[in-house]
Amino acid sequence: MEYTHEKYLEMIDEALKVYLGSVSDGQDLVLDAMKYSAEGGGKRIRPVLTLEFCRVCGGDVQRALPFACAVEMIHTYSLIHDDLPCMDNDDMRRGKPSCHKAFGEEYALLAGDGLLTLAFETLSKAEDVKVDTFKEALFTLSNLAGINGMVGGQVLDLKAEKSKPTLSALQTIDRLKTGALIKAACTLGCLASEKYDEQKIAAASVYAENIGLAFQIVDDILDVTSDTATLGKPVGSDDKNEKITYVKLMGIEKSQATVDELTKEAVNALGVFDGDTSFLENLAYKLASRKK
């Protein structure tokens, strides 16, 4: 079977509907909020990466679906919480009202909590996976989503709002806040293949770290150059909140040049894989040139 981005999206969307399931004791409102955000589309970059890295490692893509959906659930929970008034206070997400605007702050908070915990339940449903593989996947996802990864990056990001971080400090924030979960997605794909190879996992990490940092720099560029209708979320918030960004530190031209350099490094890292890596190469370039 030929796996295109569209095919991956179809597989992920169908699997998410299954794993989100149903409830029977009256707590359907929070499940509706979870589904509202999880099934709300988006680029699905992280779960797509999980599936594709499984494929290029020679694994069964179907086996990687629980891993991919677990990553997407954690990503979605983080977006719900990021949008809350106590955090970024954003009213729009993916072209529609944020979860807390649609369901209220209390249910949005619980929806995020529900997705976070459901992610690990979903991970546990992976079939035909060795115990050691599952343990490594569990550690990888929890570590890179937690205080040593995504959550830790958010903490540093909040602290940076009250200071003026250097370029190095900003890169550290984004490697954790954005890059860590992308790294988890790529690593989980390699693990799901059941063809453990330290060199390939290391290469997947290099790829992830570079496209993750490039992704955040592009976000900063688009916050200045794009519009709300195109992005599906408010623009100009960085400037309004007096937030230090790559654009402010380097300017748009240098920021774009850095994106191009990071993308090249990501693509070069794919040389260790035996399988066709054109999908991953094209994805890296597409993310670097995206307009939304």
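The protein chain has 14 helices and two strands, taken as DSSP runs numbered from the N terminus (H or I of at least four residues for helices, E of at least two for strands). Keep in mind that this is a predicted model, where local features need pLDDT of at least 70, side-chain atom pairs count only at pLDDT 80 or more, and totals for chains, interfaces and linings use all residues. Residues are numbered from 1 along each chain as its sequence is written, and side-chain values use heavy atoms, with hydrogens and water left out.

How is the chain packed overall? Its C-alpha atoms fill a box of roughly 50 × 50 × 30 Å along the principal axes. As for contacts (heavy atoms within 4.5 Å), take those in the chain with a separation of 6 or more: 73% of them join residues 24 or more positions apart.

Now head inside. Of the 292 residues, 52% count as buried, meaning under 20% relative accessible area with a 1.4 Å probe, protein chains only (exposed is over 50%, partly exposed in between). The largest nonpolar core has 74 residues; such a core is a set of buried Ala, Val, Leu, Ile, Met, Phe, Trp, Tyr and Cys residues joined through side-chain atoms within 4.5 Å. Leu 49, Phe 53, Leu 141 and Tyr 207 have the most contacts inside it. Apart from that core lies another, of 13 residues, including Leu 213 and Val 259.

Which residues does Tyr 207 touch, leaving aside neighbours within four places in sequence? Among them are Leu 49, Phe 53, Cys 186, Ala 266 and Leu 283.
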